[in-house]
Amino acid sequence: MVSQRKDGRAGIDTPLVGRLIAEQFPQWADLPVMPVEFEGWDNRTYRLGERMSVRLPTAPGYAPAVAKESYWLPRLAPHLPVAVPTVLAVGDPDEDYPLPWSVRTWIDGEAAACGHVRDRLGLAVAVADFLRALQACNAAGAREAGEHSWFRGTPPPTATTKPAAA
């Protein structure tokens, strides 16, 4: 079953996601596909049933993150104090969607929107604990930040050079 609510960004909508799942991962073809309420800019995210999500880059410049996340998430997860999605499958590009994409586990939670955080101090401590744990992870073999990562992680003077449009 596929929801008919359309996303409209980057040509990605629920019928496309449902078709990609049905063709490439038929074992999940009967699960409902629904856009998530809160999304990021780099990817469109859809729920796949109750326990999974589908994440599709919105432009070619974001596509390298699929392989990077598939490699790094399982290596970082055991060292982090919060749940991290598990990549269950990586989808192949096709004629209607020319980028790699992924299916992951869904982690329930709520957005930390202004006015909705009950314990701001607790949230700040949790974020600090996460950042400390992340910084302590062994990143040997990781690529340096640069254009492939939209300069995330570089010193501010380096990041002033805008990457090529995606």
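Arginine 132 and aspartate 129 form a salt bridge with 2.8 Å from N to O, a salt bridge being a side-chain nitrogen of Lys or Arg within 4 Å of a carboxyl oxygen of Asp or Glu. Both residues belong to helix H3 (residues 120–136) and are three residues apart, about one turn of the helix. Helices (H or I, at least four residues) and strands (E, at least two) are DSSP runs, numbered from the N terminus. Arginine 132 is exposed, at 53% relative accessible area, whereas aspartate 129 is partly exposed, at 33%. Here buried means under 20% relative accessible area, exposed over 50%, and partly exposed in between (1.4 Å probe, protein chains only).

This is a predicted model in which local features need pLDDT of at least 70 and side-chain atom pairs count only at pLDDT 80 or more, while totals for chains, interfaces and linings use all residues. Residues are numbered from 1 along each chain as its sequence is written, and side-chain values use heavy atoms, with hydrogens and water left out.

**Salt bridges**

The whole structure contains seven salt bridges. Three of them are listed here.

| Pair | Closest N to O |
|---|---|
| Aspartate 96 – arginine 19 | 3.0 Å |

Aspartate 96 is in the loop between strand S4 (87–91) and S5 and arginine 19 is in helix H1, so their bridge ties together parts 77 residues apart in sequence. Aspartate 96 is partly exposed, with a relative accessible area of 46%. A network of salt bridges links Arg19, Glu23, Asp94 and Asp96. Glutamate 110 and arginine 118 are both exposed.

**Aromatic pairs**

The search of the whole structure gives three aromatic pairs. Rings of Phe, Tyr and Trp (its six-membered ring) pair if their centres lie within 6.5 Å; planes under 30 degrees apart count as stacked, over 60 as edge-to-face and the rest as tilted. The ring centres of phenylalanine 25 and tryptophan 101 are 5.6 Å apart and the planes stand at 80 degrees, so this pair is edge-to-face. Phenylalanine 25 lies in the loop between helix H1 (14–24) and strand S1 (33–35), and tryptophan 101 in strand S5 (residues 101–105), 76 residues apart. Phenylalanine 25 is buried at 12% relative accessibility, and tryptophan 101 is buried at 0%. Ring pairs join Phe25, Trp28 and Trp101 into a cluster.

Tyrosine 71 and tryptophan 72 are also an edge-to-face pair, with 5.1 Å between centres and 80 degrees between planes. Tyrosine 71 is partly exposed at 40% relative accessibility; tryptophan 72 is buried at 16%. The charged end of arginine 75 sits over the ring of tyrosine 71, 3.6 Å from its centre. The criterion is NZ of Lys or CZ of Arg within 6 Å of the ring centre and within 35 degrees of the ring normal.

**Sheet and helices**

Five strands form an open sheet in the order S1-S2-S3-S5-S4, with antiparallel pairing; two strands pair if DSSP finds at least two bridges between them. S1 and S4 are the edge strands, each pairing on one side only. Strand S3 (residues 52–57) pairs with S5 over four bridges, and valine 54 has valine 103 in S5 as its bridge partner.

Helix H1 packs on the sheet and touches S1, strand S2 (43–48), S3, S4 and S5, its direction making about 145 degrees with that of S1. Contact means heavy atoms within 4.5 Å. Helix H2 (residues 64–76) also packs on the sheet, touching S3, S4 and S5, at about 155 degrees to the direction of S4. Axes are lines fitted to C-alpha atoms, for helices over the stretch in contact, and angles run from 0 to 180 degrees between N-to-C directions.
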